[in-house]
Amino acid sequence: MIEVRKASMGLAVGALAFLLLGCPSKKPKPDEFGGPQAGSGPNSGDLGGGSLERFKQGLEPGAGGPLADVHFDYDSYELRQDARSTLQTNANWLKENSEKRVEIEGHCDERGTVEYNLALGAKRAKAAKDYLATLGIGAERLSTISYGEELPTCREQTEDCFLQNRRAHFVVLQ
């Protein structure tokens, strides 16, 4: 009798866990760039929902997005002249596509603490956002997020690789 109760209890717990946790109903539809649609990812409550999924889907720099990354010097969030030129090109695209919103991701190389790199990534994203605003792009179309050193595009221990990781990356949300 005790064995039957234990088995029944195990089945009941398993069934309850299945009902509570369930399984995903379906995958989000891809957008025009191959990533999931904005707001369909695990963080869909915020403006930048799905960015991590989009990054994992292959939209890292040069992989099909319409906006180019800007890069930063070591330990800096000041926009270089080449970054300003790139942001001008990005602003022109945004003006031609006025219905689109963009999330600006701030990234760092692996040097520095996690906390420091998250703060520096946030400053890099904000610097790019602020410059786009001076070029006439409405702030309501732009959001920022920092990934610090967590999503590198290059994993080699070289200065060229570190430069690739020190960037503001642009994700078209809508």
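## Overview of the chain

Two residues are in contact when heavy atoms of theirs lie within 4.5 Å. By that criterion, among contacts in the protein chain between residues at least 6 apart in sequence, 71% join residues at least 24 apart. The structure described here is a predicted model.

The protein chain contains five helices and four strands. Read from the N terminus, its elements follow the order α-α-β-α-β-α-β-α-β. Of its 174 residues, 37% count as buried. The chain exposes about 10,200 Å², and carbon and sulfur atoms supply 55% of that area.

## The nonpolar core

The largest nonpolar core has 22 residues. Leu87, Leu94, Ile104, Leu132 and Phe170 are the residues with the most contacts inside this core. Two or more residues each are given to the core by helix H3 (81-96), strand S2 (102-107), helix H4 (114-134) and strand S4 (167-172).

Strand S4 is mostly covered, with six of its six residues buried. Arg167, His169 and Val171 point one way from the strand, while Ala168, Phe170 and Val172 point the other way.

S4 pairs with S2 through six bridges, and these two strands run antiparallel. Within S4, Ala168 stands opposite Gly106. S4 also pairs with S1, here through two bridges and again in an antiparallel arrangement.

Asp69 is found in the loop between helix H2 (51-56) and S1. Its relative accessible area is 11%, and therefore Asp69 counts as buried, the limit for that class being under 20%. The side chain of Asp69 is joined to that of His169 by a polar contact of 2.7 Å.

Asp69 also takes part in a salt bridge with Arg167, at 3.9 Å from N to O. Because Asp69 lies in the loop between H2 and S1 and Arg167 in strand S4, the pair ties together parts that are 98 residues apart in sequence. Both Asp69 and Arg167 are buried.

## Salt bridges elsewhere in the structure

The structure holds eight salt bridges. One of them is formed by Arg166 and Asp109, whose side chains meet at 3.2 Å, N to O. This pair links distant parts of the chain, with Arg166 in the loop between helix H5 (159-165) and S4, and Asp109 in the loop between S2 and H4, 57 residues apart. Arg166 is buried, as is Asp109. Through salt bridges that share partners, Asp109, Arg111, Glu159 and Arg166 are joined into one network.

Another salt bridge connects Arg80 with Asp82, the closest N and O atoms being 2.8 Å apart. The side chains of these residues are also recorded as making a polar contact of 2.8 Å.

Asp82 has its place in helix H3. Its relative accessibility is 42%, so Asp82 counts as partly exposed, a class that lies between the limits of 20% and 50%. Asp82 and Val70 are 12 residues apart in sequence, and their C-alpha atoms are 7.8 Å apart in space.

Asp75 is located in the loop between strand S1 (70-71) and H3. Although Asp75 is not a glycine, it has a positive phi of about 60°. With a relative accessibility of 44%, Asp75 counts as partly exposed.

How values were computed
Residues numbered from 1 in each chain as written. Predicted model: local features only at pLDDT ≥ 70, side-chain atom pairs only at ≥ 80, totals over all residues. Heavy atoms only, no water. Core = buried A, V, L, I, M, F, W, Y, C linked by side-chain atoms within 4.5 Å. Buried < 20%, exposed > 50% of the residue type's maximum accessible area, 1.4 Å probe, protein only. Polar contact = N/O pair within 3.5 Å; in protein donor to acceptor, adjacent residues only side chain to side chain. Pairing = 2+ DSSP bridges. Salt bridge = Lys/Arg side-chain N within 4 Å of Asp/Glu carboxyl O. Areas by Shrake-Rupley, 256 points an atom, 1.4 Å probe, with all protein chains shown as cover.
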